[in-house]
Amino acid sequence: MKRKLEISELIFKVISYTLLTVFALGCLYPFVYAISASMSGRHAVEYGEVVLFPKDVQFNAFRQMFNDNMFWNAYSNTLFLTIYGTIWALGVAILGAYALSKKRLLFRKFFNFYLVFTMWFAAGLVPQYLNYLATKSVFNSIGIMDDKWLVVIAMGMAAMNIILLRNAFENVPSEIEEAAIVDGATEFQVLSKVFIPMSKSTIATVTLFFAISRWNGYFWARQMISNQNEHPLQVFIRLRLEQYTDPEFMAGWNEVFASDSVIYALIVCSIVPILIIYPFIQKYFAKGTNAGGVKE
Amino acid sequence: MKGKAADYLVLDPSSGTYHENPEQVVRDDVEKHYWLHVGRTIVKDWRLYVMLIPTLLVFLFWRYLPMYELLGSFKVSDEIKPVSQQLFAGFSYFKTLLVGGSGLSTDFWRAMRNTFLLSFYGLCFGFPMPIILALFFNEVRSNIARSVYQVLTYLPKFMSTVVMTSLVTMLVKQGSLTSGMGILSQFLSNIGLISKDVAQGGLLNNPNFFRGIYQISGIWESAGYDSIVFFAAIIAISPTSYEAAQIDGANKMAQMRYVVLPSILSTIVIMLITRIGSLLNIGYEKVLLLYNTNTYVTADVVSTFAQRYGLQGAAKGIASAAEMMNNVIGMLLVIGANTIARKATDVSLY
């Protein structure tokens, strides 16, 4: 027998669906508006006639952006920073986490504290800035003139990610490791043939965390990369926003499309690649939040 | 300390004679020559220690060396000399910041207050939202509908801070002679929530709106994503618990109160403690990207204060002193929160 829906249950259901729908649409709306505004005519955008759907559809804002070399430059710089930065950080983190996961490591407690302390206390912006300047001069003196490498190597390491990896490695059964050692595997083979394949999902999650922080990185990239041609996408978007919302700049604007459309087009173009890979990474992204409860 | 005599001699059952216990000799050896033992172990396991070196160096260079630069907050700022050669200024910067009178200290206290308030309002408004969302997700029985809701609400989390703030800036931008105001300001003034003049001036130029925009954009950005952990706790509840409650005549509210809430309480407590622990660790990027000279009154936080005085200006000593105070209090809060979490739930956060 099917239970009758109680009145309180019914009310709660109606409220849930209504508020969820409102919230979900509220989350979606700014994106829809950005897409519509990026492809609407100048008058429609400037006088608020675009509300949901595009009006006087044209793609001049996108055309202008795609013809801009700086845009493609920024995109390739972001790819550079994301790919090399992730490889570097992941490599360092996997090696370190593997060593830390071994009970036989001497001073293990101290090394763990060494990492965890950086999650509790950060020196702050000014000391970090001075430190990066010093790093920069050291890099320059050994012949690395490219600021991009400074950002790749010096920034974006996170103690939390190492600890996530360490915990995953600790969960690998020691019998498997011993079996590999009996078969004559070296330390490095044990890591690459046993531990890495057995902690694939955590490694995927951590890779994603590193990649996202690189892709999104803005502040230090803007501070430390002096050459405009080396700016990543986030810095490029921000500089354009500052330029295009300047009243003087806007007053001198005489294109057939609105200056706002360029910003919206930029926003759309920066989100689209992420939306394309989203279905593939969603699983790992969601997993990361559950890793909060970490034991030491 | 030496072991007992019996530890040194063991009886060999086959020959009936006593001989030296090799394990105890090793144990003794370790105690007597501790560093020799350390050296031997490291030589034997050298690959492990080599693997650790990159991590140690990365953290040494770019996490711990900056802490050495903190010495600058006790020394007279100098653009050319490194911190080790600067003259000592004692606690003068701290005094300037803490003791009233100067414009600097007024700005500093305002920044401290704003830092705390932005986090505190986030705790009041931003924290419950993911829990409510998770409860609502639980009401959606169809898997497809729920996935659609979840994907839509997670979506904003995939934007970078720059893109998110750009979008916010555009939605509430000021109107000018040549173009209208942002669509959101337009909507708010049409339904009468804000006056036309206020909307025309740009909400981000108005200090009264900064905190609201900061919180609402925060909820928009992360409420969906943050709900994952609570939703995971809710779906872990066994269906039999609900059935038992129904048989006992519990209506929906009573089920919420006596089944769902107790089951997710530990998750809520952990999240709440973490949140309280990081009350002073506010992300500077979002504030930096949203604030401007007009909104310093409500928007300026300690890290943006430090950025303005230390990175744009030349008051490096003052700026790092200000941030150091903030970060030390922040650290104490984190450690305190972690200790409480460990005591309360057996789960340590770090």
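Mentor: The helices named here are DSSP runs of H or I with at least four residues, strands are runs of E with at least two, and both are numbered from the N terminus. Two packed helices are described by the angle between their axes and the distance between the axes. For helix α4 (residues 69-100) of chain A and helix α4 (residues 46-69) of chain B, the angle is about 125° and the axes are 8 Å apart, where axes are lines fitted to C-alpha atoms, for helices over the stretch in contact, and angles run from 0 to 180 degrees between N-to-C directions. The pair α4(A) and α4(B) is therefore oblique, because angles under 35 degrees count as roughly parallel, over 145 as roughly antiparallel, 65 to 115 as roughly perpendicular and the rest as oblique. On the α4(A) side the contact is made by A:Val92, A:Leu95, A:Gly96, A:Tyr98 and A:Ala99, and on the α4(B) side by B:Leu48, B:Met51, B:Leu52, B:Pro54, B:Thr55 and B:Val58; residues are in contact if their C-beta atoms, placed from the backbone, lie within 7 Å. Sorted by class, the contact of α4(A) with α4(B) holds nine nonpolar, two polar and no charged residues, with Ala, Val, Leu, Ile, Met, Phe, Trp, Tyr, Cys and Pro counted as nonpolar, Asp, Glu, Lys and Arg as charged, and the others, Gly among them, as polar.

A word on conventions belongs here: residues are numbered from 1 along each chain as its sequence is written, and chains are lettered from A and ligands numbered from 1 in the order in which they are written. Since the model is predicted, local features need pLDDT of at least 70 and side-chain atom pairs count only at pLDDT 80 or more, whereas totals for chains, interfaces and linings use all residues.

Helix α4(A) also has a partner within chain A, namely helix α11 (residues 200-216), with which it packs at an angle of about 140°, the axes lying 8 Å apart. That angle makes α4(A) oblique to α11(A), and α4(A) passes α11(A) in a right-handed crossing. Here α4(A) contributes A:Thr78, A:Leu81, A:Thr82, A:Gly85, A:Thr86, A:Ala89, A:Leu90 and A:Ala93, which meet A:Val206, A:Thr207, A:Phe210, A:Ala211, A:Arg214 and A:Trp215 of α11(A). By class, the contact of α4(A) with α11(A) has eight nonpolar, five polar and one charged residues.

The loop between α4 and α5 (108-120) of chain A contains A:Phe107. Most residues other than glycine have a negative phi, yet A:Phe107 has a positive phi of about 55°. With 13 other C-beta atoms within 10 Å, A:Phe107 is partly exposed; a residue is buried if 20 or more other C-beta atoms lie within 10 Å of its own, exposed if 12 or fewer, and partly exposed in between, with C-beta atoms placed from the backbone.

The loop between α2 and α3 of chain A holds A:Asp56, whose phi is also positive, near 50°, and which counts as partly exposed with 15 C-beta neighbours inside 10 Å. A:Pro54 lies in the loop between α2 (42-46) and α3 (60-66) of chain A and counts as partly exposed with 18 such neighbours inside 10 Å. Leaving aside residues up to four places away in sequence, A:Pro54 touches A:Ser36, A:Met39 and A:Ser40.

Turning back to the two chains together, 79 residues of chain A are in contact with 73 residues of chain B. Helix α1 (residues 7-38) of chain A supplies the largest share of the side of chain A that touches chain B, 14 residues, and that side divides into 52 nonpolar, 16 polar and eleven charged residues.

Notes
Left-handed = near helix turned anticlockwise from the far one by under 90°.
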